[in-house]
Amino acid sequence: MMGSIVKNFLASQKSLLPSQIYHVTLMPCYDKKLEASRPDFHSKEFDSRDVDCVITASEVIEMIEREGRRLLDYEMSPLDRIFDEIPTHIYSHFGSGSGGYLEHVFIHAAKTLYNIQSPDIQYTVKRNKDLQEVTLTLGGEKKLKFALAYGFRNIQNIVPKIKQRRCPYDFVEVMACPSGCLNGGGQVKVTGSEDSKDLLNRVTDLYNTSECRSPEDSLVGQRLYDEWLSADNSNTLLTTQYHAVEKSTNALTIKW
């Protein structure tokens, strides 16, 4: 979505072509490199990708170390202002460190379907900490049942149920990495005597220090919908579909 915003809305605001912007993203996951290379995120009209380059957190550290420096050696710089009239500030979201999709959709569904403004969100751990449930109960009846499923162990149990239409959940937040994106393969690696779990806890604590704000309260989001997004184009600009990758057949892949 950010790639679409940068290459479409921001480009038009700056009177630039999408191909005149080189969009670099910092991600916790190496698979984001593959995602950015998908044909779905390439504009044939402008010969431009939504995201031109993906760099992981661990790669940033490697680049800095090659210069013989540390991240703390650099001075902090103010963020660039995309919208001049809106003060720049980093806000976080409610929910998990993988984007908070479950909580956002859960809150929206409770409000839209049952007129509940602030539902009590309590996570129930199931088989393991990477499989958790959230339910909305009214009058003793479960109206909504959401789940987060992290790691392939849990995904492999959920996907067959979805295909067979036996999944008990209304919504599932799925992430490939155990513990979600904060434990992504591209994250900063453990050094010295620190345990990987301790590092994950430290990263999680730092992630949760940012002030949380609902997307509906974002002035930037409101401006995007006022000036750019509409019922006619929002689905095209902000969503995508995933397709099965066709397996190539050659002498090296054939099982003789």
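These legends describe close-up views of one predicted model. Local features are given where pLDDT is at least 70, side-chain atom pairs count only at pLDDT 80 or more, and totals for chains, interfaces and linings use all residues. Residues are numbered from 1 along each chain as its sequence is written, and side-chain values use heavy atoms, with hydrogens and water left out.

View 1. Strand β4 covers residues 53-56. Helices (H or I, at least four residues) and strands (E, at least two) are DSSP runs, numbered from the N terminus. Val54 and Thr56 point to one face of β4 and are buried. Buried means under 20% relative accessible area, exposed over 50%, and partly exposed in between (1.4 Å probe, protein chains only). In a regular strand the side chains alternate between the two faces of the sheet. Strand β1 (residues 24-27) runs parallel to β4, joined by 4 bridges. Two strands pair if DSSP finds at least two bridges between them. Leu26 has Ile55 of β4 as its bridge partner.

View 2. The whole structure holds 3 aromatic pairs. Phe106 and Phe146 form an edge-to-face pair, 5.1 Å centre to centre with 85° between the planes. Rings of Phe, Tyr and Trp (its six-membered ring) pair if their centres lie within 6.5 Å; planes under 30 degrees apart count as stacked, over 60 as edge-to-face and the rest as tilted. Phe106 sits in helix α4 (residues 101-114) and Phe146 in strand β7 (residues 141-150), 40 residues apart. Phe106 is buried, at 0% relative accessibility. Phe146 is buried too, at 3%. Together with Phe171, Phe106 and Phe146 form one aromatic cluster.

**View 3. The largest nonpolar core.** This core has 13 residues. A nonpolar core is a set of buried Ala, Val, Leu, Ile, Met, Phe, Trp, Tyr and Cys residues joined through side-chain atoms within 4.5 Å. Leu102, Phe106, Val134, Leu136, Leu144 and Phe146 touch the most other members. Helix α4 and strands β6 (131-138) and β7 each give two or more residues to the core. Beyond its neighbours within four places in sequence, Phe106 is in contact (heavy atoms within 4.5 Å) with residues including Pro119, Ile121 and Thr135.

**View 4. Salt bridges.** The whole structure holds 10 salt bridges. A salt bridge is a side-chain nitrogen of Lys or Arg within 4 Å of a carboxyl oxygen of Asp or Glu. Lys7 meets Asp52 at 3.0 Å, N to O. Lys7 lies in helix α1 and Asp52 in the loop between β3 (48-49) and β4, 45 residues apart. Lys7 is buried at 2% relative accessibility, whereas Asp52 is partly exposed at 28%. Lys32 meets Glu35 at 3.3 Å, N to O. These two are 3 residues apart in helix α2 (residues 31-36), so about one helical turn separates them.

**View 5. Arginines over tyrosine rings.** Arg69 lies over the face of Tyr74, 4.1 Å from the ring centre. The charged end of Arg213 sits over the ring of Tyr91, 4.0 Å from its centre. A charge sits over a ring if NZ of Lys or CZ of Arg is within 6 Å of the ring centre and within 35 degrees of the ring normal.

**View 6. Positive phi in two loops.** Most residues other than glycine have a negative phi. Ser15 has a positive phi near 55°. Ser15 lies in the loop between α1 (2-13) and β1. Asn115 has a positive phi of about 55°. Asn115 lies in the loop between α4 and β5 (124-125). Ser15 is exposed at 66% relative accessibility, and Asn115 is exposed at 59%.
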